[in-house]
Amino acid sequence: MRAQTKIPPPSRQRPPFRTNGERGESYKKPPKRTPVSTSDLTFTNRIRDKHTPIMSTGAGKTVCVTGASGYIASWLVKLLLSRGYIVRASVRDPNDPRKTEHLRALDGASERLQLFKANLLEEGSFDSVVQGCDGVFHTASPFYHDVQDPQLQKELIDPAVKGTLNVLNSCAKTQSIKRVVLTSSIAAVAYNGKPRTPEVVLDETWFSNPDFCRETKLWYVVSKTLAEDAAWKLAKEKGMDMVTINPAMVIGPLLQPTLNTSAAAVLSIMKAGAQTFPNATFGWVHVKDVAEAHIKAFETPSANGRYCLVEKVAHYSEVVNTLKKLYPSVQLPEKCADDKPYVPTYQVSKEKAKSLGIEFIPLEVSLKETVESLKEKGFVDL
Ligand SMILES: NC(=O)c1ccc[n+]([C@@H]2O[C@H](COP(=O)([O-])OP(=O)(O)OC[C@H]3O[C@@H](n4cnc5c(N)ncnc54)[C@H](OP(=O)(O)O)[C@@H]3O)[C@@H](O)[C@H]2O)c1
């Protein structure tokens, strides 16, 4: 089995860190983050308060977050640290400052964040990362839409499916782990060929059909559907306590410096020169609600099964109209990308998410915070 290298937390002087005997980039203190500005500060503050921990629920507990540098995982690490957890965070390349600096800059990171190098495609890679943990949040999985044959299997399906099994097998060897929270997706729920129209309500009893997704070439959806299915089978076989979180399109402020796929979905209609909006309908949810749901799913003893997370299902035309109201002086696309009827909306039940205590942040606020963050990080100039 391949030995893993734990990356020691930086000392006060923050020397260059090392992995597998190599010297990495010198650590440079990242610029101080300015808070996301919105015109509706009162409302935003109220939302921030909702996510401010009342007590340190995680004090004395150690949890692992896989793919910690990712968009959702970075928020998860932030909220876990703020609750007092010790976080063992895996990244593929700890020598890449774009993957680690924003994590090291989080409150509590210097005392309680431990970085590890691990790859989903290497068997046993996560053994030492999950060792001694009370819980594991498995979020790492590629999220791209532009992968085609012949890379499909290697770049998308294998990391999702074999990677999930690798992580769960490592968890199964570790007695201390009480629960695994798997970041699945609405992709594993909603794509089965059943009609989705405004009166239809999806819920956690729905499962996507991989054959339908292959026929429609929805390869990311295939990867998430197969991964969740494989995870449930293994969890049952090993008697593992597992809960899945199934969010739709996740938006809201970015902590990482790079652009992730779901934030890019908003950027695509905001950037200069965008002429059309896609004829597509998605569920949308704020990243803080998603991170919060992961933690609640771990901390709530009665949590079980799957949790769909969707604040609102909206066609791009509605997203554009909301953005027009928020940014009246910005030129936004007026036309749909095709002349077909708009892809209909549908509903996603909030009942199970509410049972975890999730009160969803409204889409309008999520959009505003996404755009402000994209501006702050220089992805768009409005
Ligand atoms: N964003 C959404 O709208 C959305 C919605 C539903 C579900 N999800 C799920 O949420 C999770 C996180 O998504 P995200 O939006 O936060 O994406 P993201 O920012 O692209 O993060 C994906 C993470 O997966 C890691 N990863 C990919 N391949 C890997 C490999 N071979 N070995 C180790 N790590 C690997 C990446 O690590 P590196 O940084 O090292 O490349 C990255 O940290 C995924 O499981 C995704 O399917 C996302």
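Biologist: Which helix lies across E11, E13 and E15?

Modeller: A word on the ground rules: this is a predicted model, where local features need pLDDT of at least 70, side-chain atom pairs count only at pLDDT 80 or more, and totals for chains, interfaces and linings use all residues. Residues are numbered from 1 along each chain as its sequence is written, and side-chain values use heavy atoms, leaving out hydrogens and water. Helices (H or I, at least four residues) and strands (E, at least two) are DSSP runs, numbered from the N terminus. Here, helix H14 (residues 363-376) lies across E11, E13 and E15, at about 60 degrees to E11. Angles run from 0 to 180 degrees between N-to-C directions, with axes fitted to C-alpha atoms, for helices over the stretch in contact (heavy atoms within 4.5 Å).

Biologist: In what order do the 3 strands form the open sheet?

Modeller: Strands of a sheet pair through backbone hydrogen bonds, either parallel or antiparallel. Two strands pair if DSSP finds at least two bridges between them. In this sheet the order is E11-E13-E15, with mixed pairing. E11 (249-251) and E15 (312-315) are the edges: each has a single partner strand, so one side of each lacks a neighbour in the sheet. E11 runs parallel to E13 (residues 281-286), joined by 3 bridges; Ile 251 has His 286 of E13 as its bridge partner.

Biologist: How many disulfides does a search of the whole structure find?

Modeller: A disulfide is a pair of cysteine sulfur atoms within 2.5 Å. The search finds 0. For Cys 64, the closest cysteine sulfur is in Cys 133, 5.2 Å away, which is too far for a bond.
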